[in-house]
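Trainee: Could we go through the pockets in this model together? I'd like to begin with what lines them.

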Amino acid sequence: MRSPRQETGPPDLTTPAGFGAFYEEHVDAVLGFVTRRVADPHLAADLTADIFLAAMGAAAGYRPDRGVPIAWLYGIARNILSGHARGVARESGALARLSGRRLLDDQDVAAIEERIDAQRAFRALADRHAALSEPLRAALDLVVVDGLTPAEAAQALGVTQATIRVRLHRARRALRAPEQVQRKALEHQVEVAR
């Protein structure tokens with residue numbers, strides 16, 4: 001998690017020293033953001049480099065009055081990662097059409113079922129997370145996983161703080177286990193009946 005210190009606008013990224021200082025200050029946070037979303041270390045390093053290259057190209061458009069540099073970088077990172085994911089999806093689709101699909105034998109199916117059973121609670125949460133709309137998931141990930149404040153998340157997503165708070169509330173409510181939702185509904189009915 002980041003320290004609570006105040007950040008200032010980026011240094012002059014057109015100079016080697018300015019870009020070096022900016023990179024050193026934020027590379028760990030950006031790399032952490034990327035590695036939480038990508039499993040391959042080489043890909044994570046490449047995407048992190050792409051993010052800083054994009055930041056260098058967009059530095060003239062950065063406006064310090066609109067927020068902190070890390071939120072600005074996370075906005076760039078989201079765009080880079082989204083572009084990468086679209087490319088991977090196109091490539092996977094093309095490869096699947098070219099190579100066909102490998103059929104699973106009974107032993108493969110049994111092994112997969114065992115893993116699913118062993119991680120049922122996690123999978124249920126992951127499924128509920130995946131079912132969130134992109135705006136809810138993005139707000140939740142930026143605040144809970146990446147440690148941004150709601151104000152910084154609002155800046156990264158280009159929305160108001162009120163919108164982020166509503167999205168966080170809705171996302172957290174949607175992530176509750178179905179048993180919790182049913183229990184809360186029953187408790188509410190009991191309260192109403194009193």
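Mentor: The largest pocket has a lining of 19 residues, and those nearest its centre are Arg-37, Arg-78, Glu-134, Arg-137 and Asp-141. A pocket here is an open set of points on a 1 Å grid over the protein atoms alone, where a 1.4 Å probe fits, with protein on both sides within 12 Å along at least five of seven lines, and lining residues have an atom within 4 Å of a point. This is a predicted model, in which local features need pLDDT of at least 70 and side-chain atom pairs count only at pLDDT 80 or more, while totals for chains, interfaces and linings use all residues. Residues are numbered from 1 along each chain as its sequence is written, and side-chain values use heavy atoms, with hydrogens and water left out.

Trainee: Which element gives the largest share of the lining of the largest pocket?

Mentor: That is α6, with eight residues; α3 (69–99) and α6 (134–145) each supply at least two. Helices are DSSP runs (H or I, at least four residues), numbered from the N terminus.

Trainee: And how does that lining divide by class?

Mentor: The lining of the largest pocket has 10 nonpolar, three polar and six charged residues, where Asp, Glu, Lys and Arg count as charged, Ala, Val, Leu, Ile, Met, Phe, Trp, Tyr, Cys and Pro as nonpolar, and the others, Gly among them, as polar.

Trainee: Changing topic, is Asp-46 buried, partly exposed or exposed?

Mentor: Asp-46, which lies in helix α2, counts as partly exposed because its relative accessibility is 48%; buried means under 20% relative accessible area and exposed over 50%, with partly exposed in between (1.4 Å probe, protein chains only).

Trainee: Last one: which residues of α7 meet α8?

Mentor: Pro-150, Ala-151, Ala-153, Ala-154 and Leu-157 in α7 meet Gln-161, Ile-164, Arg-167 and Leu-168 in α8, contact meaning heavy atoms within 4.5 Å. By class, seven residues of this contact are nonpolar, one is polar and one is charged.
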